[in-house]
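I'm jotting down what I look up as I go.

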Amino acid sequence: MKTNKILTTAISIVFMLAWQADAQTYDTNNEVVQTFAGYGIPGYVDGQGMFTEFNQPSQIVADTANNLYVLDRGNFRIRKITPTGAVSTLAGGGTFFEGYGTNVSLAWLTAGPLAIDHANRLWLVMANGYGDNAYLLSIGTNGYVNIENGGLTNLNSSSGICFDSANNLYYSGGNRIYRYSPNSGNLQAFAGNGVAGNFDGQGPLFSAFAGPASLACDRADNLYVWDSGNATIRRIDQDQNVTTIAGNNNNWYSVADGVGTNAIFAGGSASGGIAAMFSDNAGNIYFVCGSCVRKMNAQTNVVTLAGVFYQYSSSYADGAGNLARFNNASGGCFAQGMIYIADTGNNRIRNIALNQQSQVVSPASLQLNIYPGLQITGTIGRTYQIQVSPNMNTWTTVTTLLLGSSPYLWIDQNPARGSKFYRAVMLP
């Protein structure tokens with residue numbers, strides 16, 4: 001018995017040390033994390049800022065007017081958020097495979113990556129079957145959803161997608177990177193020989209990847225690849241030269257900030273790996289890593305903006321970068337000079353302000369509004385009416401809703417004026 005106890009203790013110590021973080025270096029530009037939209041309870045409520053509900057928001061992109069578009073995976077919808085925080089539904093919730101906005105169903109088996117091109121069209125990978133029969137959908141600025149292609153080689157729900165300045169679409173799959181022209185339909189194997197491996201070189205014959213996933217493209221049309229099986233960041237220029245610029249394949253069980261190949265990423269889908277990548281206008285590449293957000297500058301110096309490398313339980317906290325906490329964050333983009341994060345496990349959209357400076361808003365620019373709300377603890381799948389009364393004698397129905405989660409937060413979109421009383425009535 002004594003020997004067994006000693007052996008168990010030794011195994012536990014080795015396991016803990018195997019996942020230690022070697023070095024976490026926080027950026028020094030006063031990054032502050034705040035909640036931009038979402039109440040935190042999984043549900044479906046459009047409205048304003050934190051008086052809204054999401055259900056596992058997993059991807060987020062921004063258009064040229066700084067509107068945000070969120071793949072709200074649990075609600076099978078695309079949600080739009082204006083720069084002022086107004087949340088609405090752009091697409092999903094209907095029954096058709098193609099058509100306008102909310103007439104279309106996005107309730108496929110698996111929702112993959114979301115991207116936006118330079119004409120402000122959204123592109124979404126949707127899959128049926130077991131995720132390997134993927135369709136490429138576009139959503140125009142008028143809200144029209146169209147199936148663009150259902151037969152692209154090796155496109156799947158785990159692919160990464162992004163666009164260059166000429167609106168060529170790049171995607172990962174089958175240990176390759178492909179370039180696809182939506183206008184001409186031309187598909188080209190851009191890099192990677194299709195066999196899992198790890199070597200730099202030019203084009204599809206003289207380079208190899210292992211499980212390439214997330215992609216990003218900078219303003220010079222350099223492509224950045226999260227090579228998950230090798231735990232490295234690979235860069236591909238327009239001459240198809242593949243170069244390893246960060247991470248290394250020698251440390252799968254630790255994570256560290258640093259320059260170039262001294263930086264360490266956890267391989268595969270482990271904590272410390274990369275769920276999403278995106279770029280800004282200054283040549284920086286950002287990595288969304290579940291419990292933290294990291295940045296690589298043009299000199300390949302990798303630092304942490306917010307969060308922590310390892311987080312063994314769900315957590316949520318706004319604040320300065322090293323104090324902020326995320327829960328399975330899986331999407332990000334750059335807009336309005338800030339970073340926006342789809343914090344999936346917290347059912348919120350968060351933003352990271354860079355070089356934040358306090359500015360007092362003049363009283364003339366302020367207006368105080370109070371929005372009443374009800375939190376309903378009820379039976380999921382039953383229909384409820386929300387009723388309002390000025391005197392508790394005469395009641396008027398303001399909305400009817402199907403309870404998709406409990407508790408469920410409903411917000412009156414009209415600011416409070418005078419006396420109002422609310423009640424919820426469960427229908428037969």
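Predicted model: local features only at pLDDT ≥ 70, side-chain atom pairs only at ≥ 80, totals over all residues.

Overall make-up. I find one helix and 34 strands in the protein chain. Of its 428 residues, 50% count as buried.

Cores. I looked up the largest nonpolar core, which has 22 residues. W226, F265 and F287 are among those with the most contacts inside it. Strands that each supply at least two of its residues include strand 18 (223-227) and strand 24 (292-296). I also noted a second, separate core of 17 residues, which includes Y69 and I139.

F287. I checked what F287 touches beyond four places away in sequence: among them are I233, F265, M277 and R294.

R294. I then followed R294, whose side chain meets that of D257 in a salt bridge (2.9 Å, N to O). R294 sits in strand 24 and D257 in the loop between strand 20 and strand 21, 37 residues apart. R294 is buried at 0% relative accessible area, and D257 is buried at 8%.

Other salt bridges. I count ten in the structure. R79 pairs with D46, the closest N and O atoms being 2.8 Å apart. R79 is in strand 5 and D46 in the loop between strand 1 and strand 2, so the pair ties together parts 33 residues apart in sequence. R79 is buried at 0% relative accessibility, whereas D46 is partly exposed at 25%. I also see D72 linked with D46 and R79 in a salt-bridge network.

Key: Residues numbered from 1 in each chain as written. Heavy atoms only, no water. Core = buried A, V, L, I, M, F, W, Y, C linked by side-chain atoms within 4.5 Å. Buried < 20%, exposed > 50% of the residue type's maximum accessible area, 1.4 Å probe, protein only. Helix = DSSP H or I, 4+ residues; strand = E, 2+ residues; numbered from the N terminus. Contact = heavy atoms within 4.5 Å. Salt bridge = Lys/Arg side-chain N within 4 Å of Asp/Glu carboxyl O.
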